[in-house]
Amino acid sequence: MTQAVDDPIAPEAARKENRQRSSRAGLVYGLSAYTIWGFIPLYFRALSEIPPFTILCHRIIWSALFMVLVVSVRGEWKSIRPVLRSQRNVVLLSVGAVLIALNWLLFIYAVSTKQLLQASLGYFINPLLSIALGMIFLRERLRGWQWLAVLVAAVAVVNLGFRGVGFPWLALSLAGSFAFYGLVRKAVDINSLHGLTIESAILVPVAMVMLTVWHPSQIRLPTLGILS
């Protein structure tokens, strides 16, 4: 009877296969997310007659309800409670909630006022700003080829910026709000599902007040720096 001998190569091969499977899954998730994101402007464009603040308030409320449903179905409330016991985490998530709400509002506004090119420029700038924030605050460093990629992206952004009309305040605001949101969320040890659930819950009371007390149609944002 032959005794089985452990093969030291097998675990390494299994880990390599798992990494490859994760990479493929990540690529599929990323492409799917950005495909969906590409069609979202069509939805907001169809709602362009509704004030952006009203759309934002509804987005917050329905997002919160959906997140509560998902977390309840997955039975993950016990994982959220420890995060809320830390005052630091609550403060950081509150700051993140304000930043993501601002980002949502600016994007809705850009679509409803036909400034989608500015929104696109903002999301081109965002990775560059995120890299800068990561290097400054998180002490991260780039390798040689990564610097080349950043340089190519920066040249493309500058080219788009100079082709626009006026100062691209909307693009920079979108990029800044999302980049700083990512930096704040990096400081909290919580996954994206649980983080968004808490952030949406924090924003719900504000959204309810705006819908019932403060008439959103009276709020107007300036239309400056439209890209053409």
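Author: Let us begin with helix α2, where Pro52, Phe53, Thr54, Ile55, Leu56, Cys57, Ile60, Ile61, Ser63, Ala64, Met67 and Val71 are buried. Buried means under 20% relative accessible area, exposed over 50%, and partly exposed in between, with a 1.4 Å probe and protein chains only. This is a predicted model, in which local features need pLDDT of at least 70, side-chain atom pairs count only at pLDDT 80 or more, and totals for chains, interfaces and linings use all residues. Residues are numbered from 1 along each chain as its sequence is written, and side-chain values use heavy atoms, leaving out hydrogens and water.

Reader: How many helices and strands are there in the chain?

Author: Helices (H or I, at least four residues) and strands (E, at least two) are DSSP runs, numbered from the N terminus. Here the chain has eight helices and zero strands.

Reader: What span does α2 reach from its first C-alpha to its last?

Author: The expected span of a helix is 1.5 Å times one less than its number of residues. With 23 residues (52–74), α2 reaches 32 Å, close to the expected 33 Å. Just after α2, Gly75 takes a positive phi of about 60 degrees.

Reader: Is Arg185 buried or exposed?

Author: Arg185, which lies in helix α7 (residues 169–186), counts as buried because its relative accessibility is 13%.

Reader: Which residues does Arg185 touch?

Author: Contact means heavy atoms within 4.5 Å. Not counting residues up to four places away in sequence, Arg185 touches Leu93, Ile190, Asn191, Ser192, Gly195, Leu196 and Glu199.
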